[in-house]
There are 2 protein chains.
Amino acid sequence: MKENNSIGIVKPKIFKCTSPIKLSCGKTLDNYELIYETYGKLNKNKDNAVLVCHALTGNQHVAGRHKKIDKYPGWWDSLVGPGKPLNTNKFFVIGINNLGGNEGSTGPKSINPKTKKIWGADFPIITVEDWVKTQKTLINYLGIDKLSSVIGGSLGGMQALEWNIQFPYEVNNTVVIAAAPNLTAQNIAFNQVARQSIITDPDFQKGNFYASKNKPKRGLRIARMLGHITYLSNDVMGSKFGRKTKNKEYQFNFDTEFEIESYLNYQGDKFANEFDANTYIRMTKALDYYDPTKKNKKKLSEVFKKIKSKFLVISFTSDWRFSSSRSKEIVKGLLDNNINVSYAEISAESGHDAFLMSDNHYHEIIKSFFNRIFKS
Amino acid sequence: MKENNSIGIVKPKIFKCTSPIKLSCGKTLDNYELIYETYGKLNKNKDNAVLVCHALTGNQHVAGRHKKIDKYPGWWDSLVGPGKPLNTNKFFVIGINNLGGNEGSTGPKSINPKTKKIWGADFPIITVEDWVKTQKTLINYLGIDKLSSVIGGSLGGMQALEWNIQFPYEVNNTVVIAAAPNLTAQNIAFNQVARQSIITDPDFQKGNFYASKNKPKRGLRIARMLGHITYLSNDVMGSKFGRKTKNKEYQFNFDTEFEIESYLNYQGDKFANEFDANTYIRMTKALDYYDPTKKNKKKLSEVFKKIKSKFLVISFTSDWRFSSSRSKEIVKGLLDNNINVSYAEISAESGHDAFLMSDNHYHEIIKSFFNRIFKS
């Protein structure tokens, strides 16, 4: 067993897809690349593949480290590895950076083959449905006809759900965590403020800022600060930061006064230096647009009619971004179709971010769900 | 009785205070002006004066119209007027635009008498404590020794509370609506994002933008859009806007797609053209700083020890900006001191904004509280 049960050093790979994809928006990409990582081994029956779908700002780097010196492992390293809830001794786990993503998959920073220039503002808006299509193409390229499982949290949970709507015969098990069947008006409202802060940043330059020395960092910083408020619960913000001040007495100026301000500034600055603004605004659009009931002009129960997979749906008590009531809508839609679904509402203080944490109860439930698969 | 029970045409007045005020931040203003309005008549005993304190972006124009053609009356016209819950046939009602405000009281847009230039960035941060001090000076100038009542919602409720802490012998009745004894970390977090969006707008020019043709409208717009999310409940956003789109099919671009986006854009644009950015960031600071327990280095119950006034505390079920639990902290602090307090948690869908609405149950409770005053 490796140190700390980690998968160890991993290396991203590139999938070059030369067959065109017709996108939801109507445009076609003639070819594209996806960065992906795999952990564990595909078995002889090729029935142990698990696709991990990422959320808003996630990527293909789910577990392990790229280099020994990396400060942090992949974003779901607590869940994925040898002997971990998603056990790479048993499962072949695949992480993909979504089309349009920030980590090297074809996106706004890539070269448009038709113009030989950076896509920038011209890069199309990609939807959850498009992602699932491209993920399916990559899965097939890896020699897998059918996924043992698909799992995702937040926007990743929407992709896991969509796999079952588009390809009901190609998924055996599904884990949807801290997700919703679509966004509420309040969710869209937060996304709109984030997008407007980026789009109205003069350095955004209508999305064509790559050749310029000025990047829209101000707007991206505000968007990320706002995001972090919605990732945490009111309670956890209170217990972590409360009204703690940097200095004993108030300074009566506009410098950082409260510790919560330091936290947000730090998160905003870090993100603004790392993430692509065009990708960010498109990812929020994918969230806004996802709505299988609108697309299929049917109620959720009817949309779920063809689903074959077994489901595990998980929500967290303090998540106000995607509250438990939204997960229950999914559960109801599944039950209406006599689909095998387990639902767990986990007591957690940390809000939406809880899906990335390693709460014992939460991880045990996922572990049981996966352990069951090769028991029968 | 006037049309629609309105107070009719009203005219703002100016109070020029020539005695200096030492502010909480340590600086002194040698003199200042406050814009104010009054409705009804001060009686012979001078015991019917009610001070209405305004919230974040409010002003002295509480009721009536400045001109017949004004589209909207004052911001609390539904509550204040002849025969209304705060009955101007009985009470002499005073509205004051707080020091540093947007409507003509001395503030960042005013001339600094020492430099003969616009204050801009040099205008000090004003606190709730400072406002109450200046309000007291104006009340005394009007010949009133003791207020019959002080009433306010949100940040206005904090002022009503502070009146009782600073001047416990000068208030008989207090109404604190949709308020809190201090901000939570989440409240401060939202304020910080709003401030940072303004401060990092290049047109803010460190607060000295008055001589420039560019005003920090982008930042102010984002701040206001964000504010509006916190003023409404998730439920009312859902029932008002839901996932309604402007067009039948998605447009797959960054124009306005959902009706909630239109609403926020409209509110943001309108506010950015009307409000002063330096005032806005200072008002949010007043909110952040207010914390009588910190200032007095005592628990809330101890801070309330000298209070003499009768209290009415009101909160709204769907208010997540200042939730009912925060109002209950105030109630508990008052009860700990055997203070006469009535508390009402009003069932309302509209969130924090409910304090401005004319819900029947809500207004009846306020009406009863005021009616009682001249009964005995």
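Colleague: Is α3(B) largely enclosed by the rest of the structure or exposed, and how many of its residues are buried?
Modeller: This is a predicted model, where local features need pLDDT of at least 70, side-chain atom pairs count only at pLDDT 80 or more, and totals for chains, interfaces and linings use all residues. Residues are numbered from 1 along each chain as its sequence is written, with chains lettered from A and ligands numbered from 1 in the order in which they are written. A residue is buried if 20 or more other C-beta atoms, placed from the backbone, lie within 10 Å of its own. α3(B) is largely enclosed by the rest of the structure because the buried count is 14 of the 15 residues.

Colleague: Which helix gives the largest share of the side of chain A that touches chain B?
Modeller: Contact means C-beta atoms, placed from the backbone, within 7 Å. On that count, chain A and chain B put in 40 residues each. Helices of chain A supplying at least two residues include α4 (217–231) and α6 (259–274). The largest share, eleven residues, comes from α3(A).

Colleague: How far apart do the C-alpha centres of domain 1 and domain 2 of chain A lie?
Modeller: The bounds, from an automatic or database domain assignment, are 3–182 + 294–373 for domain 1 and 187–285 for domain 2 of chain A. Their C-alpha centres lie apart by 26 Å.

How values were computed:
Contact = placed C-beta atoms within 7 Å. Helix = DSSP H or I, 4+ residues; strand = E, 2+ residues; numbered from the N terminus. Buried ≥ 20, exposed ≤ 12 C-beta atoms within 10 Å, placed from the backbone.
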